Amino acid sequence: MTQEKLLSVKNLSLEIARRSATVVNDVSFDVAPGEIFGIVGESGSGKSLATRALVSLLPPVIRQTAGEIIFKGRDVTAMSEKDLRSMRGAEIGLVFQEPMTSLNPSMTIGRQLEEGLALHSRATQDERRTKILAMLHRVGIRDPEGALTAYPHEFSGGMRQRIMLASVMLLKPALLIADEPTTALDAVVQRDVMELMVELTQAEGTAVVLISHDLPMVARYTSRIVVMEKGRIVEAGSTEDILERPQHPYTRRLLSSLPIRGAARTIETASAPVVSARNIVVDYPGRKSLLKKGAPKRALHGVSIDIHAGEVVALVGGSGSGKTTLGRTIAGLVRESGGEILFEGRRRDIDWQDYRLNCQMVFQDPYSSLDPRMTILSLVEEALRLVPGIDRAAKRKRAYETLEEVGLGADYALRYPHELSGGQRQRVAIARAIARRPRFLIADEPVSALDVTVRAQVLTLFSDLQKRYGFSCLFISHDLGVVEQVADRVVVMQDGRIIEEGDRDTIFDTPKQAYTRRLLSAIPALDLNETGGVRLKWRLET
Amino acid sequence: MKFFSLNGLIGGVLIAALLIVAATSLFWTPFDPMKLSFTARLAAPGAQHLLGTDEFGRDVLSRLMIGAQASVWIGGLTVGLAVIAGTLIGLISGYARGVIDGVIMAINNALLAFPGILLALGLLAVFGANQYGIIFALGIAYTPSMARVVRGAVLSLREREFIEASRVMGNGEIYTMLRHILPNCLAPITVLATSMFGWAILSESALSFLGLGVPPPAPTWGNMLAAGRPFLEQAVWLGLFPGLCIALTLLGINLLGDALRDRLDPRMRGLK
């Protein structure tokens, strides 16, 4: 980089004020005008704090102990609060992860977009309106006029993130800080928003600092990245070098944690399927108003799916595709309005008790799926409560064994969920589900809340257990990378219907439906090389 | 890890003192609290009568000790009644939702809209002005707010995934309610119950002050306060000491309640 620097961070260190624990340690990097620069790291790596320091928006408990941040030749750390305010928004824009909370729910979109313009420009009201409409149109909002008077809750997560992007780009800042801008969105929307962000910023000459745990996504759009671990930069360089020739062990570990296609297995499909859902229809009741009941909303339009013994079937699709509803219906948490579900060839309502014993579920959010008032041991033991034929002592023994199997030793048994990390909690959730030795398991986004390296460990654990006990599994996920690693067969859903299904290699290599191709274009195929690096290959949409 | 915070400790000491005094008074008081003595009317606090005597020459300290009994009884039983009834109603209402919830909450809200002390006054007229009348009246008056709080907690809890996990395991509704929902409601219940204990003592005092509580000559802090009112200018201790007892007890209860909530929630353990 020989050209002038837009932003230069030198030896930045941050610590938690009261405990003097260093959370960001001697971090330095430069960003050139118009460049897209990536910061990659897992939770706790300090990446978000480091970037919040760029605009002096650190939480009060965090204190800067060293370093300087030079933006356009001025030291941000020495600026007055007044100067900072006129710089934020106008010169440095911010996009955060959570589109649900980053827009004010009680203000119309029009007023929120106008706020920044009114503050930082001299445009008249009419000029502002024209600008806002043009920008909303550019970010792909279908009815910009209507959007002005609409409230944030009327838009989906992806649309909200577009609006957020519009509000930031209206001011044409010189630098955009995007902190996990698409993590909360599903794969297809994620890619659309990213493409839009890149297109807009390139057109305006805005530099971007893109912060994410998602290494392939960052690699796709950046030319240079830094990798952070525990508050330090462990590796910095061109994206290609870091991917293909990683030097630091942590970078190698990150790369080797990326999901990669497992070996194809042959599944015996001649015998009757373990679970068979036939023509499932699910209607959600319409919104009730004072006088009349709204029309019911159909979430599933007659969906059929078979899962054979020992088979892992992945159910993929964007949000709103009905994949979670189908999983929950099969789990018995949602009542079907039509169709039937067979377990080992018999209607499941003939013997619910038996079905319950044999069909278990792992939930997405390990923070809310474990009762916070129960110890790990009692959580697993509870799963055995209704299992007939084994006594108390045997149940306790089985609970300990199962914990051991998921990699949690006896010293975890008496802890509470809040004392465990997200990955450990998900291990408990898996232990609870398999303790009964079910024939069939439903896993609803079981790893999407986890960090990359933890996700790899949990997936490996899951595959090992699946091989050992041979349970069938319905694996629900929007992350096709994960699906590619674990699934035998893939079922693609869109708008409450199954649009394509087939064995994994067929779907991934020769997808037929356009929607499937769009899903696949959001994730790279990985080629491992002998130096521990990878080459990413992006699939084409058409 | 500290077992209790400093505040919790202060609260604990105050409440322990209340309980010890109440228990002691069952066996021993410095004087007979009912014994009239016309020679020692309105005696100021001193060596003989530590906290002075009232207009009939009865020993204030002894009467306060007996009054502590009444407070503990009335406070404890009132809260017990409100907690049991309120939790039950709240659990059923929050868990069943739909029509049952609608009906229960309509009645509940109607009761809530009615001032608690007025409701208690009305109920006292039915039950009769005595110790048990007060307990029933206040217990019923406090039940709606407890039901409301428990229902709110249940509504938010039942959307959590661990409740669904319990259903997937095949656990029955009642088991799920008792094993997963109720224990997670304990924190708000404890906090509300401790403040209710305070309210109950205060309301008992207020009702007795109005002459609708425990009838004289049996002493309670409230009717002592009421009886002392005409003499405040000559004998300030008649109002001061019962008032102080009420204030300290409320303080102790509130401090203890906060500390208890922190202890009861496993998520709070180990944080400090």
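In chain B, residues 68-257 carry the UniProt annotation "domain: ABC transmembrane type-1", taken from an unreviewed entry. UniProt positions follow the numbering used here, feature names are shortened, and annotations may be inferred rather than shown by experiment. The model is predicted: local features need pLDDT of at least 70, side-chain atom pairs count only at pLDDT 80 or more, and totals for chains, interfaces and linings use all residues. Residues are numbered from 1 along each chain as its sequence is written, while chains are lettered from A and ligands numbered from 1 in the order in which they are written.

Start with the annotated span. Residues 68-257 of chain B are 83% helix and 0% strand. Their end C-alpha atoms lie 19 Å apart. Chain B has 9 helices and 0 strands. Here helices (H or I, at least four residues) and strands (E, at least two) are DSSP runs, numbered from the N terminus.

Now take chain B as a whole. Its C-alpha trace spans about 75 × 50 × 30 Å along the principal axes. Of its 272 residues, 44% count as buried. A residue is buried if 20 or more other C-beta atoms lie within 10 Å of its own, exposed if 12 or fewer, and partly exposed in between, with C-beta atoms placed from the backbone. Two residues are in contact if their C-beta atoms, placed in that way, lie within 7 Å. Among contacts in chain B between residues at least 6 apart in sequence, 69% join residues at least 24 apart.

Look at helix 3 of chain B, residues 98-113.

Next, find where the chains meet. The contact takes 14 residues from chain B and 20 residues from chain A. On the chain B side, helix 6 (161-168) and helix 7 (173-209) each give two or more residues. Helix 6 gives the most, with 6 residues.

Finally, turn to the largest nonpolar core, which has 219 residues. Such a core is a set of buried Ala, Val, Leu, Ile, Met, Phe, Trp, Tyr and Cys residues joined through C-beta atoms within 7 Å. Helix 2 of chain B (residues 60-96) gives the largest share, 14 residues. Among the residues with the most contacts inside the core is A:F475. A:F475 touches A:A314 and A:L315, among others.

How values were computed: The expected span of a helix is 1.5 Å times one less than its number of residues. Lists of a residue's contacts leave out its neighbours within four places in sequence.
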